[in-house]
Amino acid sequence: CKKELVREVKKRGGKVSEGTKASGEFFRVWMDVKAALTGKDRKTILNSCEYGEEKALDSYNNALVNHLEHLSTKQQIIIAAQKSLLKTDHDQIKSLLDALVDA
(Lines give C-alpha, C1' and ligand atoms only; values in the text may rest on other atoms or scores of the structure.)
Protein backbone atom coordinates (compact mmCIF):
# COMPACT_ATOMS: atom_id res chain seq x y z
CA CYS A 1 0.00 0.00 0.00
CA LYS A 2 2.77 2.41 0.91
CA LYS A 3 4.54 1.94 -2.44
CA GLU A 4 1.32 2.65 -4.31
CA LEU A 5 0.70 5.82 -2.29
CA VAL A 6 4.30 6.97 -2.75
CA ARG A 7 4.01 6.51 -6.54
CA GLU A 8 0.80 8.55 -6.58
CA VAL A 9 2.32 11.37 -4.50
CA LYS A 10 5.41 11.53 -6.75
CA LYS A 11 3.30 11.41 -9.90
CA ARG A 12 1.38 14.46 -8.64
CA GLY A 13 4.62 16.31 -7.86
CA GLY A 14 4.31 15.96 -4.11
CA LYS A 15 7.11 15.35 -1.64
CA VAL A 16 7.14 12.01 0.14
CA SER A 17 8.04 12.01 3.81
CA GLU A 18 11.05 9.81 4.46
CA GLY A 19 11.20 7.33 7.29
CA THR A 20 8.53 6.29 9.74
CA LYS A 21 6.39 8.70 11.66
CA ALA A 22 7.48 8.84 15.28
CA SER A 23 4.12 7.55 16.51
CA GLY A 24 4.31 4.52 14.21
CA GLU A 25 7.85 3.74 15.30
CA PHE A 26 6.90 4.16 18.96
CA PHE A 27 3.96 1.78 18.48
CA ARG A 28 6.20 -0.93 16.97
CA VAL A 29 8.75 -0.57 19.78
CA TRP A 30 5.96 -0.65 22.37
CA MET A 31 4.61 -3.88 20.84
CA ASP A 32 8.09 -5.45 21.08
CA VAL A 33 8.43 -4.38 24.73
CA LYS A 34 4.92 -5.55 25.53
CA ALA A 35 5.59 -8.94 23.91
CA ALA A 36 8.79 -9.33 25.95
CA LEU A 37 7.08 -8.38 29.21
CA THR A 38 4.05 -10.60 28.68
CA GLY A 39 6.05 -13.63 27.61
CA LYS A 40 4.74 -13.23 24.08
CA ASP A 41 1.18 -13.79 25.21
CA ARG A 42 -0.85 -14.28 22.00
CA LYS A 43 -3.89 -12.43 23.25
CA THR A 44 -1.86 -9.36 24.20
CA ILE A 45 -0.02 -9.37 20.88
CA LEU A 46 -3.25 -9.79 18.90
CA ASN A 47 -4.89 -7.00 20.89
CA SER A 48 -1.97 -4.73 19.99
CA CYS A 49 -2.17 -5.75 16.34
CA GLU A 50 -5.91 -5.11 16.29
CA TYR A 51 -5.34 -1.68 17.81
CA GLY A 52 -2.74 -0.86 15.14
CA GLU A 53 -5.08 -1.96 12.35
CA GLU A 54 -7.89 0.13 13.81
CA LYS A 55 -5.64 3.21 13.87
CA ALA A 56 -4.68 2.61 10.24
CA LEU A 57 -8.36 2.24 9.29
CA ASP A 58 -9.09 5.49 11.13
CA SER A 59 -6.52 7.25 8.92
CA TYR A 60 -8.07 5.88 5.75
CA ASN A 61 -11.57 6.79 6.95
CA ASN A 62 -10.36 10.30 7.75
CA ALA A 63 -8.95 10.70 4.23
CA LEU A 64 -12.15 9.45 2.61
CA VAL A 65 -14.53 11.45 4.80
CA ASN A 66 -12.72 14.67 5.64
CA HIS A 67 -10.38 15.18 2.67
CA LEU A 68 -12.40 13.87 -0.25
CA GLU A 69 -12.36 17.23 -2.02
CA HIS A 70 -8.56 17.06 -2.23
CA LEU A 71 -8.52 13.61 -3.83
CA SER A 72 -8.97 12.77 -7.49
CA THR A 73 -11.33 9.95 -8.41
CA LYS A 74 -8.34 7.68 -9.00
CA GLN A 75 -6.90 8.53 -5.58
CA GLN A 76 -10.26 7.86 -3.94
CA ILE A 77 -10.32 4.44 -5.61
CA ILE A 78 -6.76 3.66 -4.47
CA ILE A 79 -7.49 4.68 -0.87
CA ALA A 80 -10.81 2.81 -0.78
CA ALA A 81 -9.15 -0.35 -2.13
CA GLN A 82 -6.33 -0.13 0.42
CA LYS A 83 -8.85 0.47 3.18
CA SER A 84 -10.62 -2.71 2.10
CA LEU A 85 -7.35 -4.67 2.33
CA LEU A 86 -6.71 -3.28 5.81
CA LYS A 87 -10.25 -4.15 6.86
CA THR A 88 -9.67 -7.74 5.73
CA ASP A 89 -6.44 -7.88 7.77
CA HIS A 90 -8.23 -6.38 10.77
CA ASP A 91 -11.02 -8.96 10.50
CA GLN A 92 -8.49 -11.82 10.36
CA ILE A 93 -6.77 -10.55 13.49
CA LYS A 94 -10.16 -10.16 15.18
CA SER A 95 -11.06 -13.76 14.25
CA LEU A 96 -7.79 -15.03 15.74
CA LEU A 97 -8.44 -13.03 18.89
CA ASP A 98 -12.02 -14.30 19.16
CA ALA A 99 -10.79 -17.89 18.71
CA LEU A 100 -8.37 -17.42 21.64
CA VAL A 101 -11.13 -16.03 23.85
CA ASP A 102 -13.49 -18.88 22.93
CA ALA A 103 -10.81 -21.55 23.55
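Me: Why are helix 3 and helix 4 called roughly antiparallel to each other?
Reply: In this predicted model, helix 3 (residues 42–66) and helix 4 (residues 73–102) pack at an angle of about 160°, with their axes 9 Å apart. Angles run from 0 to 180 degrees between N-to-C directions, the axes being lines fitted to C-alpha atoms over the stretch in contact. An angle over 145 degrees counts as roughly antiparallel, and helix 3 and helix 4 are therefore described in that way.

Me: What is the make-up of the contact of helix 3 with helix 4?
Reply: The residues of this contact divide into 15 nonpolar, 5 polar and 9 charged. Asp, Glu, Lys and Arg count as charged, Ala, Val, Leu, Ile, Met, Phe, Trp, Tyr, Cys and Pro as nonpolar, and the others, Gly among them, as polar.

Me: What makes helix 1 roughly antiparallel to helix 4?
Reply: Helix 1 (residues 2–11) and helix 4 pack at an angle of about 165°, their axes lying 11 Å apart. Helix 1 is therefore roughly antiparallel to helix 4.

Me: Which residues of helix 1 and helix 4 meet?
Reply: E4, L5, E8 and K11 in helix 1 meet K74, Q75, I78, I79 and Q82 in helix 4, where contact means heavy atoms within 4.5 Å. The residues of this contact divide into 3 nonpolar, 2 polar and 4 charged.

Me: How are residues numbered, and what limits apply to the model?
Reply: Residues are numbered from 1 along each chain as its sequence is written. Local features need pLDDT of at least 70, side-chain atom pairs count only at pLDDT 80 or more, and totals for chains, interfaces and linings use all residues, while side-chain values use heavy atoms, with hydrogens and water left out.

Terms used: Helix = DSSP H or I, 4+ residues; strand = E, 2+ residues; numbered from the N terminus. Parallel < 35°, antiparallel > 145°, perpendicular 65-115°, else oblique.
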